Amino acid sequence: MRKNKYLLISVLSLFTVVLIWYLCVDVFGLVRQSVFPGPVKVLGTFITKMHHKNPDGATLVQHLFESLKVCMLGYGLAALVGIPLGIMMAWNIWVDRLARPLFDLIRPVPGIAWIPLFLLMFGIGIFSKAFVIFLSALIPCTVNAYTGIRQTSQIHLWVGDIFGASRMQKLFKIAIPTALPMIFTGLRVAVGSAWRSLIAAELLASNKGFGYMIQQSRALSRTDIIIVGMFAIALVGSLLDTLLRLIERKVAKGMNAV
């Protein structure tokens with residue numbers, strides 16, 4: 001019942017924003033359509049862009065697949081490297097001492113700042129954008145995995161000692177299951193960072209993708225396509241976050257069953 005109530009409130013809030021937007025632009029004409037198009041025109045552009053390549057040479061679906069391909073490559077690598085790195089840094093003092101200086105050096109540098117360097121090294125291909133996404137997503141994956149392991153209750157570890165558990169058994173049976181909520185929080189933060197970094201990289205150097213579509217539309221003064229791109233970015237980001245929430249629930253249930 002409560003979930004339905006929250007869902008209704010969310011739908012009503014979105015409907016209210018769209019209604020105000022429609023009244024201001026399409027009904028009262030407070031803003032010119034050429035400057036900020038109304039929801040009717042944006043919806044029409046969205047439908048048209050699904051199967052028309054003009055004016056940027058690709059449909060909305062093609063831009064989506066290009067952006068997702070690059071994003072998932074960099075994000076997947078960040079998860080594969082960052083989560084084990086964070087776990088080992090928290091669990092082993094020598095790994096922490098070896099990896100922390102380099103990690104602390106890289107962490108303050110935003111992923112976008114790496115774009116010029118990677119463009120010079122790899123050009124505007126998939127690898128330059130994937131490396132930018134990798135570095136942007138690596139930080140939250142590592143930090144949250146590290147924090148999750150560090151927050152493991154010492155009492156639970158003592159219980160493991162009483163039952164004769166080895167250090168590796170305590171890691172995989174106690175520490176990692178305890179850290180799962182933090183690890184998945186890191187994955188959700190990382191997917192947002194990866195998505196934002198990808199769009200920034202595509203704005204600067206790309207020949208396809210949401211960022212490229214927005215950049216080309218800006219040059220052509222097509223604000224309707226720009227808004228379509230922004231809504232598409234927001235929608236895909238929300239879907240990715242929802243997918244991670246569902247995976248977290250499945251994994252948590254599996255761990256509890258074990």
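Pro55 sits in the loop that runs between helix 2 and helix 3, and the peptide bond joining Asn54 to Pro55 is cis, with omega at about 5°. Keep in mind that this is a predicted model.

- Most peptide bonds are trans, and most residues other than glycine have a negative phi.
- The Asn54–Pro55 bond is cis, and Ser221 has a positive phi of about 60° despite not being a glycine.
- Ser221 belongs to the loop between helix 9 and helix 10.
- Ser221 counts as exposed because its relative accessibility is 58%, and the cut-off for that class is over 50%.

**The largest pocket**

- The largest pocket has a volume of about 690 Å³.
- Its lining is made up of 22 residues, and Phe46, Val228, Phe231, Ala232 and Leu235 are the ones nearest the centre.
- Helix 1 (2-27), helix 2 (39-49), helix 3 (60-91) and helix 10 (223-257) are the elements giving two or more residues to that lining.
- Helix 10 has the largest share of this lining, at eight residues.
- Sorted by class, the lining of the largest pocket has 22 nonpolar residues, with no polar and no charged ones.

**The second largest pocket**

- For the second largest pocket, the volume is about 170 Å³.
- Among the residues lining it are Trp91, Arg150, Asp161, Arg167 and Lys170.
- At least two lining residues come from each of helix 3, helix 6 (126-150), helix 7 (154-162) and helix 8 (167-204).
- Helix 7 provides the largest share of this lining, which is three residues.
- By class, this lining has four nonpolar, two polar and four charged residues.

**The nonpolar core**

- In soluble globular proteins, nonpolar side chains tend to be buried together.
- The largest nonpolar core here has 56 residues, and the members touching the most others are Tyr75, Ile83, Ile87, Ile149, Leu187, Trp195 and Phe210.
- Two or more residues of this core come from each of helix 1, helix 3, helix 5 (115-122), helix 6, helix 8, helix 9 (210-219) and helix 10.
- Helix 8 is the top contributor to this core, with 16 residues.
- Leaving out residues up to four places away in sequence, Trp195 is in contact with Ser67, Leu68, Cys71, Phe210, Ile233, Val236 and Gly237.

**Cysteines**

- The disulfide count is zero.
- Cys71 is in no disulfide, and its nearest cysteine sulfur, that of Cys141, is 11 Å away; a disulfide needs the two sulfurs within 2.5 Å.
- Cys71 is buried, since its relative accessible area is 0%.
- Cys24, by contrast, comes out as partly exposed because its relative accessibility is 26%.

**One more exposed residue**

- Leu7 is part of helix 1.
- With a relative accessibility of 54%, Leu7 counts as exposed.
- Leu7 and Gln215 are 208 residues apart along the chain, and their C-alpha atoms are separated by 34 Å.

Terms used: Residues are numbered from 1 along each chain as its sequence is written. This is a predicted model: local features need pLDDT of at least 70, side-chain atom pairs count only at pLDDT 80 or more; totals for chains, interfaces and linings use all residues. Side-chain values use heavy atoms; hydrogens and water are left out. On a 1 Å grid over the protein atoms alone, a cavity is a set of points where a 1.4 Å probe fits but cannot get out, and a pocket is an open set with protein on both sides within 12 Å along at least five of seven lines; lining residues have an atom within 4 Å of a point. Grid points are joined across faces, edges and corners, and a volume is the space filled by probe spheres set on the points. Helices (H or I, at least four residues) and strands (E, at least two) are DSSP runs, numbered from the N terminus. Ala, Val, Leu, Ile, Met, Phe, Trp, Tyr, Cys and Pro count as nonpolar, Asp, Glu, Lys and Arg as charged, and the others, Gly among them, as polar. Buried means under 20% relative accessible area, exposed over 50%, partly exposed in between (1.4 Å probe, protein chains only). A nonpolar core is a set of buried Ala, Val, Leu, Ile, Met, Phe, Trp, Tyr and Cys residues joined through side-chain atoms within 4.5 Å. Contact means heavy atoms within 4.5 Å.
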